[in-house]
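Here is a short briefing to read alongside the sequence and the 3D view. Keep both open and follow the residues as they come up.

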Amino acid sequence: MKDGRFINEIDMEAKRKVCVIGIQVWKNLFPGGENPIGETIKMNNMYLTVVGVMVRDKTGITLWSNPETTIAVPTSLLQHLWNECIQTDAIVITARSVIKVGEVTVVAKRLIAANLLISSHDKQAFSGFALCVLLHSFH
């Protein structure tokens, strides 16, 4: 994070109209370099309060989108607005390096399965990979 914070549990529960913008979005919307935290931006006829500015993490790899050109909003808000709460396509989990990836995966599957009332061993419900393991195989 460059400034502010990321979306938190309270934002999710309350379906708050908040966002975290990428640094390039910040530069485009605030060309004078103003602090965007607490400011309101308009996205697709929806007004959102900026709570953070994110930059690309130099120590990690980003899949599916560039965080510098992204506007992140609470998924609960999107589900509420667009009634798209049927399916989640991807969940990305990052952990501190001192935590073993396998342990994080087991705990995450267990929590998600308990919430959805499915088995954490259901191969049709879960699929995934540990990016660090995949990248290590290239050496």
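Ile-23 is buried, with a relative accessible area of 15%; buried means under 20% relative accessible area, exposed over 50%, and partly exposed in between (1.4 Å probe, protein chains only). This is a predicted model, in which local features need pLDDT of at least 70 and side-chain atom pairs count only at pLDDT 80 or more, while totals for chains, interfaces and linings use all residues. Residues are numbered from 1 along each chain as its sequence is written, and side-chain values use heavy atoms, with hydrogens and water left out.

**Around Ile-23**

- Ile-23 sits in helix 2; helices (H or I, at least four residues) and strands (E, at least two) are DSSP runs, numbered from the N terminus.
- Not counting residues up to four places away in sequence, Ile-23 touches Lys-2, Val-53, Met-54, Val-55, Pro-67 and Glu-68, where contact means heavy atoms within 4.5 Å.
- Asp-3 is 20 residues from Ile-23 along the chain, and their C-alpha atoms are separated by 9.6 Å.
- Lys-2, one of the residues that Ile-23 touches, also lies over the face of Trp-26, at 4.7 Å from the ring centre.
- A charge sits over a ring if NZ of Lys or CZ of Arg is within 6 Å of the ring centre and within 35 degrees of the ring normal.

**The overall layout**

- The protein has 5 helices and 5 strands, and from the N terminus on its elements run β-α-β-α-β-β-β-α-α-α.
- Of the 139 residues of the protein, 22% count as buried.
- Among contacts with a separation of 6 or more, 61% are accounted for by residues 24 or more positions apart.

**Strand 4 and its partners**

- Why is strand 4 described as largely enclosed by the rest of the structure? Strand 4 has 9 residues and 7 of them are buried, so it is largely enclosed.
- Strand 1 (residues 3-4) pairs with strand 4 in the antiparallel sense over 2 bridges; two strands pair if DSSP finds at least two bridges between them.
- Gly-4 has Gly-52 in strand 4 as its bridge partner.
- Strand 2 runs parallel to strand 4 in a pairing of 5 bridges, and Gly-22 stands opposite Met-54 of strand 4.
- Strand 3 pairs with strand 4 in the antiparallel sense over 4 bridges, with Lys-42 opposite Tyr-47 of strand 4.
- The hairpin of strand 3 and strand 4 has 2 residues between the strands, and in it Asn-44 takes a positive phi near 50°.

**The nonpolar cores**

- The largest nonpolar core has 14 residues, and those with the most contacts inside it are Cys-19, Ile-21, Trp-26, Ile-41 and Leu-48.
- A nonpolar core is a set of buried Ala, Val, Leu, Ile, Met, Phe, Trp, Tyr and Cys residues joined through side-chain atoms within 4.5 Å.
- Strand 2 (18-22), helix 2 (23-29), strand 3 (40-43) and strand 4 (46-54) are the elements that give two or more residues to this core.
- Strand 4 gives the most to this core, with 4 residues.
- Leaving aside neighbours within four places in sequence, Cys-19 is in contact with Ile-41, Leu-48, Thr-49, Val-50, Val-51, Gly-52, Ile-71, Ala-72 and Val-73.

- Is Ser-76 buried or exposed? Ser-76, which lies in helix 3 (residues 75-82), is buried, with a relative accessible area of 10%.
- Beyond its neighbours within four places in sequence, Ser-76 is in contact with Asp-11, Met-12 and Lys-15.
- A polar atom of the Ser-76 side chain lies 2.5 Å from the backbone oxygen of Met-12.
- Lys-15 lies in the loop between helix 1 (9-14) and strand 2, and at 36% relative accessibility counts as partly exposed.
- Lys-15 has a positive phi of about 55° although it is not a glycine.
- Most residues other than glycine have a negative phi.

Technical notes. Polar contact = N/O pair within 3.5 Å; in protein donor to acceptor, adjacent residues only side chain to side chain.
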